[in-house]
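Visitor: I'd like a close look at one part of this protein, the aromatic rings. Could you walk me through what they are doing there?

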Amino acid sequence: RPDYYLTISDFAQQEIKQFYERESTIIYPPVAVENFQPVAPYRETIQSNCQILSQHNLNKKQTKIKLENNIKHNKSQIISEKSARELPEILQKLPESFLTQGFYLNFSRQVNWKRLDLILAACKKLKLNLVLIGNGAAHESLINQAADSKRVVFFDVLPQSDLKEFVKYAKAFVFPSNEPFGIAPVEALASGCPVIALKQGGAMDYIQDGKNGLFFEEQSVDSLAQTLINSFLSPQEISATATKFSTENFHRKIRQFVEKVLKTQKT
């Protein structure tokens, strides 16, 4: 018998209305968007270049020499010298084609209901590169599904500092599950990385179809595969769409709600 319901998305609000027959107020959960937003300008630079040039399996000195020689002879292959020198160790574990061709990305708990198998199957069908980061009950099943493909790379759970490096280069974050909200896709948006999401659940609150991401209609391989090659807003414009999900905004909304309730009770 609560006096008030607070909830995290329009989807959850409708569930409360349907099953509890109660009204509720939406306050989006806090996402550390400020940790990811500095990535957006980097993605902007990459998109403005014709191609990422990286010999990430070489040491820093060799990478620098290779970069200088290639830029001198082919100006269409551009990446800043600083970026090439400082390519993080975690990205050096990727095949070179993942950086030159791009890849799709998901980081999450790997459980069956998140339907990561759909991403894997769609990328295999289209011969696209995929990075899956995380662990969970479905991890071994996903590894077995990817056993015959060289285009799928797995990483265990990583800190945000490493996740940010992956979203710098990802073509898009793929979110195929039906959830009340979804923190990881908002982190990707804050980085300027577009999100491809199932048109259900909490994703409806933050995906602007055709701008910061795309919806696919059905939880199926074919439906997802149709959305994997598209263009979006610029990274910094995408990043701006995640600002309202910040921790600061969450705190402000909670304070405003409590103050309103207290004022109502006094009168």
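Predicted model: local features only at pLDDT ≥ 70, side-chain atom pairs only at ≥ 80, totals over all residues.

Guide: Searching the whole structure turns up 12 aromatic pairs. Let's zoom in on one of them, made by Tyr 28 and Phe 181: their ring centres are 6.1 Å apart, with 35° between the planes, and the pair is classed as tilted. In case you wonder about those two numbers, a pair of aromatic rings is described by the distance of the centres and the angle of the planes.

Now look at where the two partners come from. Tyr 28 sits in the loop between strand 2 (25–26) and helix 2 (33–36), while Phe 181 belongs to the loop between strand 6 (170–175) and helix 10 (183–190). That puts them 153 residues apart, so this pair links distant parts of the chain.

While we're on rings, take a peek at Tyr 42. The charged end of Lys 168 sits over the ring of Tyr 42, at 4.5 Å from the ring's centre.

Notes: Residues numbered from 1 in each chain as written. Heavy atoms only, no water. Phe/Tyr/Trp six-rings, centres within 6.5 Å; stacked < 30°, edge-to-face > 60°. Helix = DSSP H or I, 4+ residues; strand = E, 2+ residues; numbered from the N terminus. Lys NZ or Arg CZ within 6 Å of the ring centre and 35° of its normal.
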